[in-house]
Amino acid sequence: GLGDVYKRQTYYFIGYCNRGTTGGSGEFVVRLTNLNTGESFETSTLYPYTVPAVDECTTTGGITCGLIGDVGCSSSISVEAEVDSRNTVVESREHNNTLSVSF
């Protein structure tokens, strides 16, 4: 599930956690969408993220703000982050993979 979304310098970072009761496995991509314009960016399947251990959280690498139309990372903006946007990981709870945040 998603933990948080934040901006730092010229990047967005997305925190995600394993809130399940068992260890997860699998690889997935992350999608970040500018809710103001509909522009989105999905991370590469060549460099997928992996499910952390139970009750552990981690953070994506930086996603350049301009990739979703937030040039300079300074716009008043609402974004939606979605982990496992291609639904490749088997999960007991699918409803906690999306988080919307306004900056």
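A salt bridge is a side-chain nitrogen of Lys or Arg within 4 Å of a carboxyl oxygen of Asp or Glu. In this predicted model, a search of the whole structure finds 4 salt bridges. One of them joins Lys7 and Asp70, with the closest N and O atoms 3.0 Å apart. Lys7 belongs to strand S1 and Asp70 to the loop between strands S8 and S9, so the pair ties together parts that are 63 residues apart in sequence. Lys7 counts as partly exposed because its relative accessibility is 22%, whereas Asp70, at 0%, counts as buried.

A network of salt bridges links Arg31, Glu42, Glu82 and Arg86.

Strands S4 and S5 belong to an open sheet of 4 strands in the order S5-S4-S9-S10, with antiparallel pairing. Its edge strands are S5 (40-42) and S10 (98-102). S9 (residues 78-83) and S10 are paired over 5 bridges, and Glu82 has Thr98 in S10 as its bridge partner.

The largest nonpolar core has 19 residues; Val5, Tyr12, Ile14, Phe28, Leu32 and Val79 touch the most other members. Strands S1, S2, S4 and S9 each give two or more residues to this core. Leaving aside residues up to four places away in sequence, the contacts of Val79 include Val5, Tyr12, Leu32, Ile68, Leu99 and Phe103.

Notes
Residues are numbered from 1 along each chain as its sequence is written. This is a predicted model: local features need pLDDT of at least 70, side-chain atom pairs count only at pLDDT 80 or more; totals for chains, interfaces and linings use all residues. Side-chain values use heavy atoms; hydrogens and water are left out. Two strands pair if DSSP finds at least two bridges between them. A nonpolar core is a set of buried Ala, Val, Leu, Ile, Met, Phe, Trp, Tyr and Cys residues joined through side-chain atoms within 4.5 Å. Buried means under 20% relative accessible area, exposed over 50%, partly exposed in between (1.4 Å probe, protein chains only). Contact means heavy atoms within 4.5 Å.
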